[in-house]
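Let's take a friendly walk through this model together, from the overall fold down to a single side chain. Have your viewer ready and follow along.

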Amino acid sequence: MPTVKDSDFVDGSALLNVLREEFSTKDGMIFDAHGGAWIVWKTSELYAWWHSFEDQCSVPLQRKLMNACADQEEYLLSLNQTLSTGWLLRKRKQKSALDQRWARYGWGRIDLEHDVLQTLIFAPMASGVALATKEQHTHERLKLEWQQASQRTISLEFTSAPSNLAPAPAAPQMPWSTEHQQGFTPPQFLDELEWLNANWTVGGEPTCLFPMDAFTRLFDTCRAYPSAVSKEQQLAWLTPTFDAGIRSVFLMVVASMATLVNVGERAIYIENTSSWASLSAHYLSPNGWGHPLSVESLGTEHGVRFVLSSGPTLPFLTGWLVAMWERGHGKSSKFTLKKREHHWSLEVDSRLAYN
């Protein structure tokens, strides 16, 4: 894993050099050095998506989100051997490694000595990452309560948990999961990042990177929960490949993406199938959501067929495409998602023709 010097970790240009070594892109997805997918989030959009997603579920999910982030960060810390620094100057080296890690991903700062975070990331996510870090640092399982003390400050309270420190496994396999991949070119988002007030920004908005498998872990735990997706959407959105639990959480993700698409003043204009290339290049690929491999008309007024890659971002990508279709045409959608060997076929059309 590439690093920067302790004295340089708040230097934006040095951080960018590290990110260019670590990340690459393929099929609109962003991969780390181990082939794990990551998403670029503006923190305001992360809040908007999360509240919409939680609304699609019948139970509170913040602690589920925290645990998913904790498991993923524990897995990555072990995979990267982030805290394995030997015994000489161990405490100082570990602090440097964590400072670098949090800075280059736009997570803010973690203070394990005082159990305080300085961050703009959604509190359950940042707290989950902190929990994994503290457990790896102390070599014991812990319980965590967090408090949002201010917009940037999160106070943490750890207590011992009566369980062994068994290692976190890799993220669960979902029907759209693939083997870890490697990209070929540096991600486009690196050209847009600016280091401002100890945080990454894009267009002045605070921005962070987060591993997609944290959300995969969350989705896996949500399969058992009833969905609040409307009856009309459940009838019109067809996923014949999925069992009931997978289908429920998949539709929750798709329904929640309308909020993300509609937040702000995104210009979504769809004149014909060629419009999707520019929409994907502007909204999808730069942030690691993925993009359609091909787009063709279904022969109806607005119907379109997308061919999509298998990969961890498929629920988000489907949600983006369906929400943009609805926004661009001003109509409610019906869609059918089917597995086709190594790819997926997503057919979207007007719900008015459903019957």
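A helix here is a DSSP run of H or I of at least four residues, and helices are numbered from the N terminus. Keep in mind as we go that this is a predicted model.

Let's begin with the whole chain. The protein has ten helices and 15 strands. Its radius of gyration is 21 Å, close to the 20 Å that the globule rule gives for 355 residues, so the protein is as compact as a globular protein of that length. Along the principal axes, the C-alpha atoms fill a box of roughly 70 × 45 × 40 Å. Of the 355 residues, 54% count as buried. If you take the contacts between residues at least 6 apart in sequence, 67% of them join residues at least 24 apart.

Now turn to a pair of helices. Helix α2 (residues 43-55) packs with helix α6 (residues 212-222) at an angle of about 10°, and their axes are 14 Å apart. Angles under 35 degrees count as roughly parallel, and α2 and α6 are therefore roughly parallel to each other. Which residues meet here? From α2 come Leu46, Trp49, Trp50 and Phe53, and they meet Phe215, Leu218, Phe219 and Cys222 of α6. Sorted by class, this contact has eight nonpolar residues, with no polar and no charged ones. Helix α6 is itself mostly covered, with nine of its eleven residues buried. Among those buried residues are Asp213 and Arg217, as well as Phe215 and Leu218.

Finally, back to His137. This residue is partly exposed, with a relative accessible area of 33%. Leaving aside neighbours within four places in sequence, His137 is in contact with Leu83, Gln94 and Leu112. By contrast, Ala198 lies 61 residues away along the chain, and the C-alpha atoms of His137 and Ala198 are separated by 24 Å.

Terms used
Residues numbered from 1 in each chain as written. Predicted model: local features only at pLDDT ≥ 70, side-chain atom pairs only at ≥ 80, totals over all residues. Heavy atoms only, no water. Axes fitted to C-alpha atoms, helices over the stretch in contact; angles between N-to-C directions. Helix = DSSP H or I, 4+ residues; strand = E, 2+ residues; numbered from the N terminus. Parallel < 35°, antiparallel > 145°, perpendicular 65-115°, else oblique. Contact = heavy atoms within 4.5 Å. Nonpolar A, V, L, I, M, F, W, Y, C, P; charged D, E, K, R; others polar. Rg over C-alpha atoms; globule rule 2.2 N^0.38 Å. Buried < 20%, exposed > 50% of the residue type's maximum accessible area, 1.4 Å probe, protein only.
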